[in-house]
Amino acid sequence: QVHFVESGGGLVQPGGSLTLSCVTSGFTFSANGMRWYRQAPGQGRELLARISSLGSLTNYVASVRGRFTISRENQKNTTYLEMNNLKPEDSAVYYCMKGWSVEEFEAWGQGTQVTVSS
C-alpha cells in the first residue's frame, strides 16, 4: 500500500523559508517521478512542481518558479520542497504524490500545513 508522510510545515513570516519533506513507502520510489501540490482553504489542490525519477527533470507552476525547488533522495525514498521568499498566498496544506504524470494518483497523505503570516 502506498503511503506518503509529509512534514516540515509551520508558521513563517513573509520572506522566510521552509523545506518540506515527504517520506514514501509501498512502491519503488526510484522508478517514479514525484509531484508536490498544495490546497488552500476553499480551493482545489494545485500542482506546484514535479521531478522525474532520477531527478534530472523538474518543472514548476509559474507562481512558484524561482522560489521553490523540488528535489529527491532515492536512497531515503524521500522528496523535498524547498520554499524561499514565502508569501501569505503560499499558505496552504502541502501534499506530495507519486508519479510524473498528472493523471497518476494514489491516496493522499495527511499533508503539512504552511502558514505565512507576520
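1. Basis. This is a predicted model, in which local features need pLDDT of at least 70 and side-chain atom pairs count only at pLDDT 80 or more, while totals for chains, interfaces and linings use all residues. Residues are numbered from 1 along each chain as its sequence is written, and side-chain values use heavy atoms, with hydrogens and water left out.

2. Aromatic pairs. Rings of Phe, Tyr and Trp (for Trp, the six-membered ring) pair if their centres lie within 6.5 Å; planes under 30 degrees apart count as stacked, over 60 as edge-to-face and the rest as tilted. Strands here (E, at least two residues) are DSSP runs numbered from the N terminus, as are helices (H or I, at least four residues).

3. Accessibility is classed with a 1.4 Å probe on protein chains only: buried is under 20% relative accessible area, exposed is over 50%, and partly exposed is in between. Tyr37 is buried, with a relative accessible area of 5%, whereas Phe105 is partly exposed at 41%. Phe105 also pairs with Trp108, again tilted, at 5.7 Å centre to centre and 50 degrees between the planes. Trp108 is partly exposed, with a relative accessible area of 28%.

4. Cluster and charge. Tyr37, Tyr95, Phe105 and Trp108 form one aromatic cluster. Arg45 lies over the face of two of these rings: Tyr95, at 4.1 Å from the ring centre, and Trp108, at 4.1 Å from the ring centre. The criterion for a charge over a ring is NZ of Lys or CZ of Arg within 6 Å of the ring centre and within 35 degrees of the ring normal.

5. Six strands make an open sheet in the order 2-10-9-4-5-6, with mixed pairing. Strand 2 (10-12) and strand 6 (58-60) stand at the edges with a single partner strand each, so one side of each has no neighbour in the sheet. From one strand to the next, the twist averages 25 degrees. Two strands pair if DSSP finds at least two bridges between them; axes are lines fitted to C-alpha atoms (for helices over the stretch in contact), with angles from 0 to 180 degrees between N-to-C directions.

6. Strand 10 and its partners. Strand 9 and strand 10 (residues 112-116) run antiparallel and are joined by three bridges; Val93 has Gln113 of strand 10 as its bridge partner. Strand 2 and strand 10 run parallel, also with three bridges, and Gly10 stands opposite Val114 in strand 10. The covered face of strand 10 comprises Thr112, Val114 and Val116, and the uncovered face Gln113 and Thr115.

7. Disulfide. A search of the whole structure finds one disulfide, defined as a pair of cysteine sulfur atoms within 2.5 Å. The pair is Cys22 and Cys96, with their sulfur atoms 1.8 Å apart. Cys22 lies in strand 3 (residues 18-25) and Cys96 in strand 9 (residues 92-98), so the link ties together parts that are 74 residues apart in sequence. The link of Cys22 and Cys96 is right-handed, with 40 degrees about the S-S bond. Both cysteines, Cys22 and Cys96, are buried.

8. Positive phi. Most residues other than glycine have a negative phi. Asn77, which is not a glycine, has a positive phi of about 55 degrees; Asn77 is in the loop between strand 7 (68-73) and strand 8 (78-83) and is partly exposed, with a relative accessible area of 29%. Asn85 has a positive phi near 50 degrees. Asn85 sits in the loop between strand 8 and strand 9 and is partly exposed, at 43% relative accessible area.

9. Asp90. Is Asp90 buried or exposed? Asp90 counts as buried, at 0% relative accessibility, and is found in the loop between strand 8 and strand 9. Not counting residues up to four places away in sequence, Asp90 touches Arg38, Arg67, Phe68, Asn85, Val114 and Val116, where contact means heavy atoms within 4.5 Å.
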